[in-house]
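Visitor: I would like a close look at a single part of this model, with its surroundings worked in as we go. Could you take me through it slowly?

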Amino acid sequence: MKKPVICVCASLLALGLVACAASKSDEGNEQSVKSQEDNLSQQVLDTEDAQVTEQVGEIVELDDIRETLVEVLGEHYWPNTRISPEYLADYGLSEELYEDFYGEVPVVSTNVDTLIIIQAKEGCLEEVEKVINRYREALVDDTKQYPMNEGKIKASRIETIGNYVCFVQLGADTTNAYGEDGNKEAVILHCQEQNELVIEALGKILGR
C-alpha cells in the first residue's frame, strides 16, 4: 500500500518540477522578447532622431522666421512688406532655382533694410548664390541714389546656411551712428552688428 502512495507523491513532485521549470523558461522567454523589443524601439528612435537631424532646414516654415527676428531686433527690425517672385525674377532669380523663399523690404523706398532667404533646389545652390551676389553688387553700385544708406548697403551680408542663401541688410535708424562728423565707418559697424545678430538667429533656425 505504501508503494502506490510513494509513486503518486513522486509523480506529483516531478510534475511540480516540470511546471516550475516551464514557468521559469516562460519568464526567461518573456524577458528576452521584451529586451529585443526595447532594443528595436531604441533603434527606431535613434533612426528617427538621425533623420530629423539630417532633414532640419528642409522642414523649416520660412513664414515663421519673421517672428523670431522681431524678437531679436525688436523695433530695429524695419522690413515689413513681403517681396514677390516677380521681384526676385527682376534680378535674375527664376522660380526654377528655388523651393521656397521669404523676403521683406520697408514700405518707404528711401529705407533699404532688406531680408531675403532663398531655399535653393537641389543642384541650384551655386547659381542662387551667384544671383544674390549680383543683387548685392547692384545695390552697392546704386548707393549714389541714396547716399544716406551707403554704410548700410556696404555692411550687407550674404550667408549660406545649408541649402539656404540669406541676404541680410539691416540696421534701422543709423542717425545716431553717423554722429555730427558723419562717420560712415561707425554706421557700417553698427549695421554689421545688427546683421550678425540676425545671421546668428537664422543659423539656429535653419539648422547650422
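Predicted model: local features only at pLDDT ≥ 70, side-chain atom pairs only at ≥ 80, totals over all residues.

In strand 5, which residue is the bridge partner of Q119?

Guide: The bridge partner of Q119 in strand 5 is Y164. That bridge belongs to the pairing of strand 3 with strand 5, two strands that run antiparallel and are joined by six bridges. On to the next neighbour: strand 4 also pairs with strand 5 in the antiparallel sense, here over five bridges. Within that pairing, R157 has V168 of strand 5 as its bridge partner. Strand 4 and strand 5 form a hairpin, with two residues between them. In its turn sits G162, whose phi is positive, at about 65°.

Now look at strand 5 itself. Six of its six residues are buried, so the strand is largely enclosed by the rest of the structure. Y164, C166 and V168 point one way from the strand, while V165, F167 and Q169 point the other way, and all of them are buried.

Stepping back, the open sheet has five strands in the order 1-2-3-5-4, with antiparallel pairing. Strand 1 (81-82) and strand 4 (157-161) stand at its edges; each has a single partner strand, so one side of each lacks a neighbour in the sheet. At the strand 1 end, strand 1 pairs with strand 2 in the antiparallel sense over two bridges, and R82 stands opposite E104 in strand 2. Helix 4 packs on this sheet, touching strand 3 (114-120), strand 4 and strand 5 (164-169). The direction of helix 4 makes about 10° with that of strand 5.

Ring pairs link F167 with Y87, Y91 and Y135 into a cluster. The count of aromatic pairs comes to five. One of the pairs is Y91 with Y135: the ring centres are 4.7 Å apart and the planes stand at 85°, over the 60 degrees that the edge-to-face class requires, so the pair is edge-to-face. Y135 is buried, with a relative accessible area of 3%, whereas Y91 counts as partly exposed at 36%. Another aromatic pair, Y98 with F101, is edge-to-face as well, at 5.6 Å centre to centre and 75° between the planes. Y98 is buried at 6% relative accessible area, and F101 counts as buried at 10%.

Finally, here is the chain around this part. Its secondary structure comes to seven helices and five strands, running α-α-β-α-β-β-α-α-β-β-α-α from the N terminus on. Of the 208 residues in the chain, 32% are buried. Among contacts with a separation of 6 or more, residues 24 or more positions apart account for 63%. The chain exposes about 13,000 Å², and carbon and sulfur atoms supply 52% of that area.

Terms used:
Residues numbered from 1 in each chain as written. Heavy atoms only, no water. Phe/Tyr/Trp six-rings, centres within 6.5 Å; stacked < 30°, edge-to-face > 60°. Buried < 20%, exposed > 50% of the residue type's maximum accessible area, 1.4 Å probe, protein only. Pairing = 2+ DSSP bridges. Helix = DSSP H or I, 4+ residues; strand = E, 2+ residues; numbered from the N terminus. Contact = heavy atoms within 4.5 Å. Axes fitted to C-alpha atoms, helices over the stretch in contact; angles between N-to-C directions. Areas by Shrake-Rupley, 256 points an atom, 1.4 Å probe, with all protein chains shown as cover.
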